[in-house]
Amino acid sequence: MVSFFESNLAELSVHHVGNKSNEEYYSLSESSMHVQDEMLNQLLKQYFLSPFQKVNEVFRFTHPGNDLNSNEIYRVVTEIFADGSTFHENSKNIATYLFEVADHPKIKGGELYVCYFENLQIEGDLHDAVGIFRSESKESYIRVFPEQSGFNISYEQQGININKLDKGCLIFKTDREEGYKVVVVDNTSRTSDAAYWKDQFLMLKVRNDNFNQTQNVMDVYKSFVTEKLDQEFEVEKTDKIDLLNRSMKYFKEKETFDMDEFANEVIANEEGVALFKSYKQSYEEEFDTPIADTFDISTAAVKKQAKDFKSILKLDKNFHVYIHGNKELIEKDYDAERGMNCYKLYFKEEL
């Protein structure tokens, strides 16, 4: 998604932001820096930018009042794009704003880096971009160096691993009226306090593009098969797996999603089709996320979702049966003599 082969790190400001709920404070740099050392410049770009190479989701800035200028980060970044001389002063504004919103007691203090990049590529186009990054995790490093006739060893505590960016975002100088193009990395998103980065600090919403449309409809369908169907029908586990397998086959083979075609080919049951469409509508209303009836299928989204579409039939703790093809070749039965359920598997040869 993001390529930085032609990019240049033009300006960098570094600040420290603590957690005020833990009686920590923030420390602001007096000036920004222009990194002249080529090796350091490359290492910083690797640290800041390489995690975004596999990011597919694009976000927009938003605000509950629908006034983008009320979004602090949107407003500050817009000023930077309009007048580069405001970069460092606005980087301090970003740091103080983060200090105000990141007040959960479990949020770690750390360095905040605000960068101005030139010629970053997203979706095939080059743009300038503002990057905001946060390092919270520190590590110790062993350093080996020559001394006299041999070597000596020392260590450095509180070092930063350039292969482990904790949090970051890139805001591209394009689509200003729609809230810019924004991509996000958050490697602490599974912790209870992590929502502050995307939801409170940046205040973002997902751009409703083909990637997001594909991901959403696959999520809705998976939830429909694994949760909703049981409320209305008696559905065998093998039938659920078959429905998931058929949907994955559809998404992998088709270039365009069509709701009626999908429902008729994959669900192939009039009552089930009506129930799925109703379930999809309820999802759209609950999450205020419309899903179009037709759109181009994103292969990246299909690849991402594929790992969650399980085709495994788990039998007690003894067997896992992987069902990849024709479900008619697996038959559920009951062995009265043993008093146990069983499955019959039909095949021509062992492979």
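A crossing of two helices is called left-handed if the near helix is turned anticlockwise from the far one by less than a right angle, and right-handed if clockwise. The views below come from a predicted model, in which local features need pLDDT of at least 70, side-chain atom pairs count only at pLDDT 80 or more, and totals for chains, interfaces and linings use all residues. Residues are numbered from 1 along each chain as its sequence is written, and side-chain values use heavy atoms, with hydrogens and water left out.

**View 1. The packing of helices α3 and α4.** Helix α3 (residues 87–101) packs against helix α4 (residues 195–202) at an angle of about 115°, and their axes are 10 Å apart; axes are lines fitted to C-alpha atoms over the stretch in contact, with angles running from 0 to 180 degrees between N-to-C directions. The two helices, α3 and α4, are therefore roughly perpendicular to each other (65 to 115 degrees), and their crossing is right-handed. The contact (heavy atoms within 4.5 Å) is made by I94, Y97, L98 and V101 of α3 together with Y196, W197, Q200 and F201 of α4.

**View 2. N119 in strand β5.** Residue N119 lies in strand β5 (residues 110–122) and has a positive phi of about 60°, although it is not a glycine. Most residues other than glycine have a negative phi. With a relative accessibility of 36%, N119 counts as partly exposed (between 20% and 50% relative accessible area, with a 1.4 Å probe and protein chains only).

**View 3. A268 between two helices.** Residue A268 is found in the loop between α7 (259–267) and α8 (270–287), and its phi, near 55°, is a positive value in a residue other than glycine.

Definitions and conventions: Helices (H or I, at least four residues) and strands (E, at least two) are DSSP runs, numbered from the N terminus. Angles under 35 degrees count as roughly parallel, over 145 as roughly antiparallel, 65 to 115 as roughly perpendicular and the rest as oblique.
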